[in-house]
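Please keep the model open while reading.

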Amino acid sequence: MPRLNTFKVTIETGDRGTSGPVQFSFNNHTLPFANVQGGTKAGETFEGDFEVNSFPHSLTLVGPEQGEWQLNKITVDYNCENLPPYSVTFDALALDATNQVNIWQDPPLPSFEV
């Protein structure tokens, strides 16, 4: 498991937005994003990042405390120690107070030609 230095999330909101703060859970600690731009209302795009500098045993995007938040797309950019940066895109889903979505993905395996 690589050490995660920083990650950035870009979230495209669908028809149902939310007004609460966007939070994530890192190793069972719920935290707000830093360097926030944009919004989370219907049709808006949210961007935020966080400097972790630790090993991710779990990394989830937390649902809003009230209502439902429809997400059209989530893109996460990871910057891990001793690895090239990589990105992962997640399909549409809905979050509420009862669920979270796992946004941690291991780095891609190295590829080579034979």
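In the protein chain, residues 24 or more positions apart account for 69% of the contacts with a separation of 6 or more, where contact means heavy atoms within 4.5 Å. This is a predicted model, in which local features need pLDDT of at least 70 and side-chain atom pairs count only at pLDDT 80 or more, while totals for chains, interfaces and linings use all residues. Residues are numbered from 1 along each chain as its sequence is written, and side-chain values use heavy atoms, with hydrogens and water left out.

The secondary structure consists of ten strands and zero helices; in sequence order the pattern is β-β-β-β-β-β-β-β-β-β. Both kinds of element are DSSP runs numbered from the N terminus: helices are H or I with at least four residues, strands are E with at least two. The radius of gyration of the protein chain is 14 Å, close to the 13 Å that the globule rule gives for 114 residues, so the chain is as compact as a globular protein of that length. That radius is taken over C-alpha atoms, and the rule is 2.2 Å times the number of residues to the power 0.38. Of the 114 residues, 37% count as buried, meaning under 20% relative accessible area, with exposed over 50% and partly exposed in between (1.4 Å probe, protein chains only).

The aromatic rings come next. A pair of rings is described by the distance of the centres and the angle of the planes. Rings of Phe, Tyr and Trp (its six-membered ring) pair if their centres lie within 6.5 Å; planes under 30 degrees apart count as stacked, over 60 as edge-to-face and the rest as tilted. The structure holds seven such pairs. One of them joins F24 and F33, a tilted pair with 4.7 Å between centres and 45° between planes.

Another pair, Y78 and W104, is edge-to-face, at 5.4 Å centre to centre and 90° between the planes. This pair links distant parts of the chain: Y78 lies in strand β7 (residues 69–80) and W104 in the segment after β10 (100–102), 26 residues apart. Y78 and W104 are both buried.

Finally, S25 belongs to strand β2 (residues 23–26). S25 counts as buried because its relative accessibility is 6%. Leaving aside residues up to four places away in sequence, S25 touches T30, S58, L59, T60, V62 and Q100.
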